[in-house]
Structure formats: structure tokens, C-alpha cells
Amino acid sequence: MNVEHGKLVCVRITVLGCTGSVVGPDSPASGYLVHAPDTPPLVIDFGPGVLGALQRYADPNDVHILLSHLHADHFLDLPGLFVWRRYHPSPAKKRGVMYGPANTWARLGAASSPEGGEIDDFSDIFEIRHWADKQSVQIGSLTVESRLVCHPTESYGMRITDPSGATLVYSGDTGYCDALIELARGADIFLCEASWTHSPDRPPKLHLSGTEAGMAAAAAGVSELLLTHIPPWTSREDVISEAKAEFDGPVHAVTCGETINVTR
Ligand SMILES: [Zn+2]
Ligand SMILES: [Zn+2]
């Protein structure tokens with residue numbers, strides 16, 4: 001536990017990857033490492049490139065996994081983690097826990113199998129637990145609430161609260177919806193996707209624009225907005241400008257390797 005600027009820091013997020021939809025030139029796809037006292041290191045989403053970045057900050061044998069959903073950019077480095085945990089000279093001593101949507105075992109097992117129609121049963125290395133809407137689970141000292149958000153596949157946002165009440169909310173991938181606002185209500189840090197600018201020809205119920213991320217932050221009354229999941233083909237500057245036009249509080253777009261303290 002650390003004290004910075006007179007505030008107790010219990011929860012710390014390190015950005016392992018933040019490029020939207022694909023790997024970018026400067027960052028893996030989605031992945032966020034959460035450190036908290038008396039809690040195993042948690043990795044939220046595990047997109048392509050995240051396993052490499054993770055090795056700088058934590059032992060891959062120790063982490064538990066929280067998956068927002070099963071689009072490739074949020075989970076497809078996990079077969080590499082299975083190899084690590086099975087074949088590293090110092091293999092994992094115990095199973096990790098993995099939270100995800102209902103079909104996590106089948107989808108991920110298929111991705112990890114070399115044979116068509118077969119599944120690599122990875123239950124030897126991870127115990128799989130399924131999210132449910134408005135469910136609260138305790139992981140170490142943290143309370144994690146999952147909330148179904150608006151995306152074409154079963155997708156969850158997460159609200160993570162430490163014993164002091166400091167709260168991090170992660171949007172996952174989502175269109176603009178009431179569930180997102182309710183989940184983010186009063187959060188200290190709102191880590192929110194913003195995948196494109198606010199052009200009229202965007203498909204509905206898929207992703208947020210910078211404008212919508214800013215609107216969500218304002219509607220939810222969060223303390224700070226961190227933009228993420230910006231694809232390589234979208235202007236970061238435009239997305240940030242859109243969000244700032246809607247939200248009065250601090251706004252920035254996260255970068256790979258950045259560490260953020262979650263304080264009240
Ligand atoms: Zn995505
Ligand atoms: Zn997605």
C-alpha cells in the first residue's frame with residue numbers, strides 16, 4: 001500500500017494493451033493489470049500481445065483473468081498463457097480463476113486446439129466461472145460487479161471496488177446504454193472505450209464515440225475519464241477532443257505501460 005499526494009493508494013492499474021480492435025504499432029490489444037493488497041494479480045482482457053507485456057510486470061503463473069467478452073482482440077493471447085503455465089520450467093503451482101461469458105471454455109478451448117472440431121480442455125490450469133448480469137464477486141480484497149452492456153456478443157462491463165470504496169469501472173466494448181451509466185455511477189476512474197469519432201454513419205449498438213464516452217462520464221458523475229480501445233485508424237486527438245467537449249473532469253487517452261492509481 002502506498003501514499004501519494006496524501007491519499008492511500010490501494011488499487012493500481014497498469015495498461016498492458018489499449019489499442020482498439022487489433023494490435024497497434026505502439027501497443028497490444030486490450031489488457032489491463034490490476035494490483036491490490038491481499039489480492040492475486042488480475043488481468044482484465046487478454047488480447048493479442050498482452051502476454052508479452054504482462055511479463056514486464058507480473059509472473060504469468062500467478063494471474064487470474066477477467067474477460068469482458070470473446071471478441072478476438074480481448075482474449076486471443078490466452079492460448080499462449082496456457083503454454084506458459086503448462087510448459088514453463090517452473091510451472092504454475094495452482095490453477096488460476098478465469099471469469100468470462102457463458103461459452104468461454106468452448107471458444108477458448110477451440111482457439112487453443114491444433115485440430116479442427118476439437119477442444120483443448122484447459123480446466124487443468126484455469127477454473128472457469130461465468131459472469132452474470134448485476135453479479136458481485138469477491139476476489140481477494142476487491143469486489144467485482146459485472147454488468148451486461150450493449151455489444152453484438154455477450155459482453156460485460158466491470159465495477160471494481162476496494163475496501164476504502166475507491167472504484168474503477170471498465171466499460172468493456174459497448175454502445176451507449178443505460179447499463180453503462182448505472183455501472184459507472186460515481187466511479188473514481190472510468191476506463192471507457194472510445195472506438196471512433198461521432199460520425200453519423202457508425203453502426204448502432206457496437207462501440208462508443210469520443211462524444212458518447214464523454215456523455216457517459218458526465219451522466220454517471222465520474223471523477224476521471226480514461227479513454228481506451230482507440231483503433232489505429234481512428235484519430236486519438238479527435239476522440240479526446242470530443243470527450244472533453246462533453247465532460248468537465250480530467251480526460252486522457254491511456255498508453256501502453258501507463259500506471260494509474262485508483263484513489264477516492
Ligand atoms: Zn474490442
Ligand atoms: Zn468487442
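This report walks through the fold, the charges and a few residues of the chain above.

The model is predicted, so local features need pLDDT of at least 70 and side-chain atom pairs count only at pLDDT 80 or more, while totals for chains, interfaces and linings use all residues. Residues are numbered from 1 along each chain as its sequence is written, chains are lettered from A and ligands numbered from 1 in the order in which they are written, and side-chain values use heavy atoms, with hydrogens and water left out.

**Overall fold**

The chain has 7 helices and 16 strands (DSSP runs: H or I of at least four residues for helices, E of at least two for strands, numbered from the N terminus). Along the principal axes, the C-alpha atoms fill a box of roughly 50 × 45 × 35 Å.

Of the 264 residues, 55% are buried (under 20% relative accessible area; exposed is over 50%, partly exposed in between, with a 1.4 Å probe and protein chains only). Take contacts (heavy atoms within 4.5 Å) between residues at least 6 apart in sequence: 58% of them join residues at least 24 apart.

**A buried histidine**

His-64 sits in strand 6, residues 64-66, and is buried at 16% relative accessible area. Beyond its neighbours within four places in sequence, His-64 touches Pro-40, Pro-41, Leu-42, Val-43, Gly-96 and Val-97.

**Salt bridges**

How many salt bridges does a search of the whole structure find? The count is 7 (a side-chain nitrogen of Lys or Arg within 4 Å of a carboxyl oxygen of Asp or Glu). Here are some of them, with the N to O distance.

| Pair | Distance |
|---|---|
| Arg-86 and Asp-124 | 3.0 Å |
| Glu-127 and Arg-129 | 2.8 Å |
| Glu-212 and Arg-202 | 3.1 Å |

Arg-86 forms its bridge with Asp-124. Arg-86 lies in helix 3 (78-87) and Asp-124 in the loop between helix 4 (104-112) and strand 8 (126-130), so the pair ties together parts 38 residues apart in sequence. Both ends are partly exposed: Arg-86 at 25%, Asp-124 at 45%. Arg-86, Asp-120 and Asp-124 are also linked in a network of salt bridges.

Glu-127 is partly exposed at 27%, and Arg-129 is partly exposed at 33%. By contrast, Glu-212 counts as buried at 12% relative accessibility.
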